[in-house]
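Please report on this model, starting with its aromatic rings.

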Amino acid sequence: RSSDLFQHICISRLAPVFNPRLPDMLSRADLLRGRFGRHHRPQIRPPGAIDETGFLASCTRCEDCRNACPQQVIVAGNGGYPTLDTRQAGCTFCGACQRACTTAALGIAPEARLAWRPVFANSCLALNRVVCRSCSDSCDTAAISFALQTGGRSQPVLDGPSCTGCGHCVSACPVQALSMQSPSPDEESPA
């Protein structure tokens with residue numbers, strides 16, 4: 001019967017909404033917009049954030065960390081939880097957000113480093129034979145360099161261990177060809 005099929009589809013699609021222990025939980029906005037089964041991109045949490053499950057359980061979405069950030073890179077992400085948006089500026093790891101957090105969601109980070117790394121899109125000017133070094137010029141740790149290729153192209157090269165994941169390169173790019181990407185699980189723990 002079609003009503004049984006409809007009920008089965010509704011239950012299988014909406015089960016994550018009603019069971020908060022399931023990792024594929026839908027947000028209310030996704031439910032209302034009919035975006036079932038769509039996975040959100042992982043969010044870049046502020047420095048010192050504990051593991052994602054603990055962070056979501058501890059964070060009250062009070063916006064104290066957001067208000068304390070002098071660079072204003074902390075914004076309300078999915079569900080109103082704080083996330084870093086490095087399109088306008090990068091994180092300086094000043095620790096203001098960590099000091100402002102009254103819950104255990106943001107601890108004091110042992111080092112100034114995020115696990116995220118920049119990814120270069122095909123629209124990168126250097127990849128299109130235009131001289132541009134904005135990303136490497138903005139990188140305090142010199143984690144981005146350029147390897148000259150045949151035909152006048154320069155290939156951006158990221159030195160992963162030197163990269164802090166601050167996102168200054170993202171905000172410096174004049175064509176927004178950089179984005180931050182979560183590392184694969186085997187790369188996640190810094191050496």
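This is a predicted model. Its count of aromatic pairs is one. The partners are Phe55 and Tyr81, with ring centres 6.5 Å apart and planes at 55°. Planes under 30 degrees apart would count as stacked and over 60 as edge-to-face, the rest as tilted, so the pair of Phe55 and Tyr81 is tilted. Phe55 belongs to helix H3, residues 52-58. Tyr81 sits in the loop between strand S1 (74-76) and strand S2 (82-84). The pair therefore ties together parts that are 26 residues apart in sequence. Are these two residues buried or exposed? Both Phe55 and Tyr81 are buried.

**Charges over rings**

Tyr81 also has a charged neighbour. Arg61 lies over the face of the Tyr81 ring, at 4.5 Å from its centre. A further case involves Arg133, which lies over the face of Phe146 at 4.2 Å from the ring centre.

**Fold and surface**

How many helices and strands does the chain have? There are seven helices and six strands. Along the sequence their order is α-α-α-α-β-β-α-β-α-β-β-α-β. The chain has 191 residues, and 32% of them are buried. Its accessible surface comes to about 11,900 Å². Carbon and sulfur atoms hold 52% of that surface. Take the contacts with a separation of 6 or more: 58% of them join residues 24 or more positions apart.

Strand S4 covers residues 144-148, and strand S5 covers residues 154-158. The two strands pair in the antiparallel sense, over five bridges. Phe146, the residue whose ring lies under Arg133, stands opposite Pro156 in S5. Five residues lie between the strands of this hairpin. In the hairpin, Gly151 takes a positive phi near 85°.

Gln155 is in strand S5. Gln155 has a relative accessibility of 30%, which counts as partly exposed. Setting aside residues up to four places away in sequence, Gln155 touches Leu127, Ser145, Phe146, Ala147 and Gln149. Asn128 is 27 residues from Gln155 along the chain, and their C-alpha atoms are separated by 9.6 Å.

**The nonpolar core**

In soluble globular proteins, nonpolar side chains tend to be buried together. Here the largest nonpolar core has 28 residues. Which residues have the most contacts inside it? They are Ile74 and Leu84. S4, helix H7 (168-172) and strand S6 (178-181) each supply at least two residues of this core.

The list contains Pro46, Cys65, Arg66 and Cys69, together with Pro82, Thr83, Leu84 and Cys97.

| Residue | Relative accessible area | Class |
|---|---|---|
| Thr86 | 7% | buried |
| Gln98 | 10% | buried |
| Gln176 | 65% | exposed |

Thr86 is in the loop between S2 and helix H5 (96-100). Leaving aside neighbours within four places in sequence, Thr86 is in contact with Cys166, Gly167, Val170, Ser171 and Met180.

Gln98 is in helix H5. Why does Gln98 count as buried? Buried means under 20% relative accessible area, and Gln98 has 10%. Beyond residues up to four places away in sequence, Gln98 touches Pro47, Gly48, Leu106, Gly107, Ile108 and Ala109.

Gln176 is in the loop between H7 and S6. With a relative accessible area of 65%, Gln176 is exposed.

Most residues other than glycine have a negative phi. Which residues here go the other way? Phe93 has a positive phi, near 55°. Phe93 is found in the loop between S2 and H5, where Thr86 is also placed. Gln176 likewise has a positive phi, near 50°.

How values were computed. Residues numbered from 1 in each chain as written. Predicted model: local features only at pLDDT ≥ 70, side-chain atom pairs only at ≥ 80, totals over all residues. Heavy atoms only, no water. Phe/Tyr/Trp six-rings, centres within 6.5 Å; stacked < 30°, edge-to-face > 60°. Helix = DSSP H or I, 4+ residues; strand = E, 2+ residues; numbered from the N terminus. Buried < 20%, exposed > 50% of the residue type's maximum accessible area, 1.4 Å probe, protein only. Lys NZ or Arg CZ within 6 Å of the ring centre and 35° of its normal. Contact = heavy atoms within 4.5 Å. Areas by Shrake-Rupley, 256 points an atom, 1.4 Å probe, with all protein chains shown as cover. Pairing = 2+ DSSP bridges. Core = buried A, V, L, I, M, F, W, Y, C linked by side-chain atoms within 4.5 Å.
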